[in-house]
Amino acid sequence: MKKKLLAILTGAALLTSTISVPAFAATSKVTLLDISNKHRGDVVTITGTSSFSEVVVKIISPDGLVMYVDNLYVAGGQFSKSITLSETTQFGTYTVVVGQGTEVQSDLFTILEDNAGGGGGGSTGGGTTTTGTSIPGVINQGQTQAPVKADTKTDGNKVLATVSDADLAAALKDSSSAVAVVVSIPTTGTQQAQLTLSSAQLSSLSGANTATTFVASTGVSSVALPVSVLKKIPAGASINIVIGQAADSSATFTNQVAGATVLSTPVSFEVNVVTGTESAPIDLAGQDFVKRSFLINGNVDTATAGVLFIENGSVRSVPATFTKNADGTITVTVNRPGFSTYAVASRPVSFSDIGTSYAQDRIQSLASKFLLYGTSTNTFSPEQNVTRAEFAAMLVRALGLQPSNSAPFSDVAATDWFAQDVASVYEAGLVNGVGNGQFDPNADISRQDLTVMLSNAIKMLNIPKKQGSEHVEYVDASGFASYAKDSIATVTESGLMTGEAVNGTYSFHPTDSTTREAAATVLFFLLQNAKLIN
């Protein structure tokens with residue numbers, strides 16, 4: 001194959017055909033070193049190892065055009081190619097694919113737009129933001145952005161940032177408004193951003209409007225800390241917010257999740273509380289939801305992709321939204337009570353027994369997002385009943401809750417497979433057990449008990465009442481348990497559950513068991529109503 005230098009290089013012609021990049025399985029026959037983000041005029045070096053005698057390398061532009069194709073010879077098990085970017089190269093995220101046939105590896109790098117003006121640490125009101133910024137993904141409805149300049153210095157692979165007390169105070173001057181204080185810390189490639197907030201600055205933020213958030217962003221990745229979280233930091237302590245790529249964690253995701261293919265470079269978010277010489281990760285409660293967002297290549301099929309994260313060495317799933325940007329990239333937004341390392345991934349999922357299920361599409365959607373698993377590789381068993389422990393595990397996975405070590409139930413042993421999940425939903429305030437210090441984990445969960453967990457989740461996620469909803473009088477209301485009456489009304493008015501309509505009357509059947517397809521349905525609507533998935 002002849003080398004073709006296209007629009008990525010100076011004076012080159014544009015190839016008009018497009019290409020869709022499939023999600024190939026990882027291969028040991030080819031490795032590809034991580035490629036850092038670049039600016040126009042930089043050199044892109046494609047380096048790796050292979051057992052082939054030669055490999056094909058392709059670079060694909062943000063809009064899906066093949067911008068470069070070449071055969072690289074492998075010498076001594078290694079290959080390498082350097083390419084200089086022109087001063088007119090398109091901004092955005094590029095995909096590099098290397099290998100032969102389906103034995104390939106891929107990586108993403110972004111050509112970043114230089115910040116205009118040279119002196120500012122963030123965009124100003126009404127100004128132009130960096131192409132493909134992830135910041136909008138963490139801004140809440142009704143918030144006003146208040147950019148604050150970052151003072152930065154480079155220390156090895158770290159970009160260390162601080163803000164001045166005066167600039168922060170100016171951003172918070174209107175205490176009656178919901179503000180997103182935004183600090184941008186430009187980084188390139190594998191550089192890690194580390195922003196420090198002093199104890200005095202945390203005190204200022206703690207006194208802000210309760211709807212205010214503090215946003216730290218590299219442009220490609222952003223995290224928003226609510227004031228409610230910052231208020232819990234001990235007096236006199238400072239915090240370090242750390243954002244960076246975590247390419248070396250890809251193998252952890254694929255090794256722990258069968259069939260998973262990582263589709264983007266993993267991103268790490270950390271917040272550490274510093275007291276004197278001691279530093280420790282911030283302690284979040286189950287109700288402390290924190291938004292973070294990051295950009296991925298626009299070629300990812302979001303209908304079959306989900307997000308995974310690593311917690312204490314274990315890989316878990318989390319709901320996420322995917323938003324297409326004007327430059328062709330995709331913003332991934334995750335809202336959960338925790339930090340850690342995140343990656344977009346996919347896996348082949350096909351259940352042979354859901355073809356006639358009323359919840360087929362919802363089951364398939366949640367399973368593709370790693371939020372729901374079958375009873376075997378190929379079966380879901382939609383009409384099988386769900387136990388209380390199983391639904392607790394479903395809730396933990398669906399909400400991305402942090403695992404917890406123990407729950408105060410005498411019938412849940414620390415060695416039970418569901419022990420951490422039951423502890424997590426208890427800590428988050430979603431369950432209280434069945435009385436007498438017991439959870440009754442192996443009993444089928446009734447419809448009315450299901451409403452209790454769901455109504456608590458609705459409150460935790462601040463899901464508003466469904467517009468136009470009306471109170472429904474159930475003809476079997478006399479059979480409702482006293483503890484479930486309000487919960488049944490809440491889930492009905494929220495549109496998560498409905499009763500059976502017969503001749504103009506409605507029955508809820510409170511003591512009936514919940515099936516797996518019914519559980520999938522309520523989880524899907526819960527996540528959609530909370531805007532945790534698309």
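Predicted model: local features only at pLDDT ≥ 70, side-chain atom pairs only at ≥ 80, totals over all residues.
Local features were taken at pLDDT of at least 70 and side-chain atom pairs at pLDDT 80 or more, whereas totals for chains, interfaces and linings use all residues. Side-chain values rest on heavy atoms, with hydrogens and water left out, and residues are numbered from 1 along each chain.

The axes of helix α8 (residues 447–460) and helix α9 (residues 485–493) come within 8 Å and cross at roughly 65 degrees, the axes being lines fitted to C-alpha atoms over the stretch in contact and the angles running from 0 to 180 degrees between N-to-C directions. In the contact (heavy atoms within 4.5 Å), Q448, T451, V452, L454, S455 and I458 of α8 meet S487, I488, T490 and V491 of α9.

Four salt bridges were counted, each defined as a side-chain nitrogen of Lys or Arg within 4 Å of a carboxyl oxygen of Asp or Glu. One of them joins E311 and R336 at 3.2 Å, N to O; because E311 lies in strand β21 and R336 in strand β24, this pair ties together parts that are 25 residues apart in sequence. With relative accessibility of 12%, E311 counts as buried (under 20% relative accessible area, 1.4 Å probe, protein chains only), and R336 counts as buried at 0%. In another salt bridge, D449 and R388 have their closest N and O atoms 3.3 Å apart, which links helix α8 to helix α6 (residues 388–399) across 61 residues; both D449 and R388 are buried.

Methods:
Helix = DSSP H or I, 4+ residues; strand = E, 2+ residues; numbered from the N terminus. Buried < 20%, exposed > 50% of the residue type's maximum accessible area, 1.4 Å probe, protein only.
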